[in-house]
Structures are given as structure tokens and as C-alpha cells.
Amino acid sequence: MVIECKHVWNYISDYLDDSLPAETRELVQRHLEHCEICSAILDSTRNIVVLTGDDRVFELPIGFSERLLRRLAKEIGTGSSMPRENPAD
Ligand SMILES: [Zn+2]
């Protein structure tokens with residue numbers, strides 16, 4: 001089973017909260033190993049959790065992932081909001 005970036009984003013807060021089922025956690029972890037965008041989002045989210053100091057009440061603002069992804073895509077230079085696994089040559 002392969003999960004996409006948008007699924008990982010849904011799991012990130014639970015991932016940081018350590019409340020994902022073992023198999024889901026493994027899927028997310030495997031995705032993070034090869035996806036720099038999701039890794040960056042995870043790092044950013046972790047920083048926000050640390051800053052807020054209370055991950056029990058932490059929730060991503062609506063549109064957070066979308067805005068962050070757009071900024072990351074621009075900075076990384078892919079020019080696309082959806083990273084492709086196999087870019088056409
Ligand atoms: Zn990803």
C-alpha cells in the first residue's frame with residue numbers, strides 16, 4: 001500500500017502525537033524517507049507544536065497545508081503543487 005502526500009498531511013499531527021496505529025505510522029515514516037516536501041512539512045509542524053507548547057490542543061489552521069505546500073513548491077522549484085513520483089522525460 002502506498003500513501004500520497006495529502007494522506008500524510010492528514011496523519012502528521014497524529015504522527016507527532018504518537019497516536020497512529022503501528023502500520024499507518026510505518027507507511028507515513030516510509031513516505032517521509034523519500035519525500036522532501038512532507039519531511040519539510042513535518043519539521044515545520046513539529047516546530048509549531050514546540051512553539052505552542054501544548055500539542056494536546058494543537059490543530060492545523062484550515063488551509064495551512066495548502067499554503068505551506070505552495071510555498072515549499074516554490075522554494076524547492078518544482079513549480080507544481082503535486083510532486084510527481086515519475087516525472088516524464
Ligand atoms: Zn509527500
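The questions below go from the whole chain to single residues.

Q: What kind of model is this, and how confident is the predictor in the protein chain?
A: The model is predicted. The mean pLDDT of the protein chain is 78. Of its residues, 67% reach 70 or more.

Q: Where in the protein chain is confidence lowest, and where is it highest?
A: It is lowest in helix H4, residues 64-76, with a mean of 76. It is highest in helix H2, residues 22-34, with a mean of 95.

Q: How many helices and how many strands does the protein chain have?
A: There are 4 helices and 0 strands. Read from the N terminus, the order is α-α-α-α.

Q: How much of the protein chain counts as buried?
A: The figure is 11% of the 89 residues. A residue counts as buried if 20 or more other C-beta atoms lie within 10 Å of its own.

Q: What makes Leu-69 buried or exposed?
A: Leu-69 is found in helix H4. It has 20 other C-beta atoms within 10 Å, so it is buried. The cut-off for buried is 20 or more. Leu-69 also pairs up with a residue from elsewhere in the sequence: Ala-40 is 29 residues away along the chain, yet the two C-alpha atoms are 9.2 Å apart.

Q: Why is Cys-5 called partly exposed?
A: Cys-5 sits in helix H1. It has 16 other C-beta atoms within 10 Å, so it is partly exposed. Buried needs 20 or more, exposed needs 12 or fewer, and partly exposed is in between. Cys-5 and Leu-32 are 27 residues apart in sequence, and their C-alpha atoms are 9.1 Å apart.

Q: What makes Asp-18 count as exposed?
A: Asp-18 has 8 C-beta neighbours inside 10 Å, so it counts as exposed. The cut-off for exposed is 12 or fewer. Asp-18 lies in the loop between H1 and H2. Its phi is positive, about 60°, although Asp-18 is not a glycine.

Q: Which residues form the largest nonpolar core?
A: This core has 8 residues: Val-8, Trp-9, Ile-12, Val-28, Ile-37, Cys-38, Ile-41 and Leu-69. Helix H1 (5-17) and helix H3 (36-52) are the elements that give two or more residues to it. In H1, the buried residues include Val-8, Trp-9 and Ile-12.

Q: Which residues does Trp-9 touch, not counting residues up to four places away in sequence?
A: Trp-9 touches Ile-41 and Ser-65.

Q: How do you know what span to expect for H1?
A: H1 has 13 residues.

Q: Where is the kink in H1 centred?
A: The kink is centred on Tyr-11 and is about 45°.

Q: What share of the protein chain's contacts between residues at least 6 apart in sequence join residues at least 24 apart?
A: The share is 60%.

Q: Which feature does UniProt place at residues 5-38?
A: An unreviewed UniProt entry gives "domain: Putative zinc-finger" there. In the model, residues 5-38 are 85% helix and 0% strand. The end C-alpha atoms of this stretch are 7 Å apart.

Conventions: Residues numbered from 1 in each chain as written. Predicted model: local features only at pLDDT ≥ 70, side-chain atom pairs only at ≥ 80, totals over all residues. pLDDT = per-residue confidence, 0-100. Core = buried A, V, L, I, M, F, W, Y, C linked by C-beta atoms within 7 Å. Contact = placed C-beta atoms within 7 Å. UniProt positions renumbered as here; feature names shortened; annotations may be inferred. Expected span 1.5 Å × (residues − 1). Bend = angle between axes of the 7 residues up to and from the residue.
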